[in-house]
Amino acid sequence: MICHNITACGGRLRFAGRDAGELARKYGTPLYLMDERRLRQNCRVYRESMAAGFGRALPLYASKALACKRIYEIAAEEGLGADVVSAGEIALAKSAAFPMEKVFFHGSAKTDAEIGYAMDCGVGYFIIDSLEELEAVDRLAGERGVRQRALLRLTPGIDPHTFEAVATGKVDSKFGMSIETGQAMDFTLAALAAPHVDLRGFHAHVGSQVFDSAVFYDTADIMLRFIADVKARTGYEAEMLNLGGGYGVRYTGEDPTVDIAGEIASVAAHIRALCGELGLREPMVLLEPGRSIVADAGMTLYTVQGVKTIPGYRRYVAIDGGMTDNPRYALYRSAYTVLAAEHLDQESDGVYTVAGRCCESGDMIQEEVPLPPLKRGDILAVCTTGAYNHTMASNYNAVPRPPIVMLDGERDYLAVRRETIEDILRREV
Ligand SMILES: Cc1ncc(COP(=O)(O)O)c(C=O)c1O
């Protein structure tokens, strides 16, 4: 199996030690499951290996991967900070009593209202994306009589060899300011001159689902050389370096396993050596893992509604969810492992296209999936759905969104309840 929290017992799928079919019947489907122990373990790998490698370090949970009150509580208990991108994520973090001084506020189009809200909530750091935003942060901090701590988001000009829509560190990017074009230096000079901005360092995030270690070494190189250039030009030496998120996870048996602790140890050694060479103090290092914290702690369960065979073409299995709870295949053709939760011991009788319930031909979860003979009422499990599923879910076709059930040993409990038809009607005037 792709992760050790997925096992089989007498042909039945167990996730986090629990029978998936029984959970589907208890809570209904579609159903998001989260393995709390795996989630905590993933947090600890970052916290411990970053402390060991970098000394001064803080992992920031990139909450865009999965934002709900319970996840912020767990991240806080595990000693992580958080990366947020909207007033909504700030409000969720606040509802979990997340320590606001450890919150870093991202986004390439923050409104004045959001900037003000974040300041009033005591958000620790802004990651400023543009000159216009810098002016707005300076002005709004001035109005409040504070100096806002901030990092500047830069693009190091690196292609992380991942899917185009999640490659963010190239020169041609809607995020940040480019080092290569000279704009990053002008941005830094402007930030140093802004009276109500307390510049603490720099940020870069080059992409997501990255397996190539060279990407992180190259990013660290370019960023440290930039820090050295700024020091030579202005005397200012950044105290924080945020290298973003992006480590890849295993969606299928074909994906490699990333040894995150090992990767962090080698990036740390690389940074130490380069700081020595460039005559820099070692900065406090921040990483922003999202997917690699929550993805393999998640699984989605669906109920089969029917099977349709088109002779000479293909066979569809229709499920009671789809792009409304997981749009990633429709968006990126993302690979997933799909299992028949109560028939793991049966041979496959050929491949299926797992089709969602929406009025959209592209609404699929996966194609060419080998599965045993299926019928209405069978339970299908889609693995590794903890990241970018709940947070990217929609109400397309006015379909209510699934609940999140947390699994912790023998205990199972609701973190987010199922959306109802009343919820769907609530905003109508
Ligand atoms: C700025 C930033 N940081 C962190 C992340 C998290 O990346 P991942 O979930 O791949 O770790 C993202 C994802 O898009 C991001 O844009």
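Sorted by class, the ligand's shell comes out as four nonpolar, nine polar and four charged residues (Ala, Val, Leu, Ile, Met, Phe, Trp, Tyr, Cys and Pro count as nonpolar, Asp, Glu, Lys and Arg as charged, and the others, Gly among them, as polar). Of the 17 residues around the ligand, Ala 62, Ser 208, Gly 245, Gly 290 and Arg 291 come nearest, where being near takes a C-beta atom, placed from the backbone, within 6 Å. The model is a predicted one: local features need pLDDT of at least 70, side-chain atom pairs count only at pLDDT 80 or more, and totals for chains, interfaces and linings use all residues. Residue numbers start from 1 along each chain as its sequence is written.

Contacts (C-beta atoms, placed from the backbone, within 7 Å) link 24 residues of domain 1 with 21 residues of domain 2. On the domain 1 side, S4, S20 and S21 each give two or more residues, and S20 has the largest share, with four. That side divides into 14 nonpolar, seven polar and three charged residues.

Strands here are DSSP E runs of at least two residues, numbered from the N terminus, and pairing takes at least two DSSP bridges. S20 (residues 404–408) pairs with S4 (residues 31–35) in the parallel sense over four bridges, with Met 34 partnered by Met 406. S20 and S21 (residues 411–416) run antiparallel, joined by five bridges; Leu 407 partners Asp 412. In their hairpin, with two residues between the strands, Gly 409 takes a positive phi near 65°.

Definitions and conventions:
Contact = placed C-beta atoms within 7 Å.
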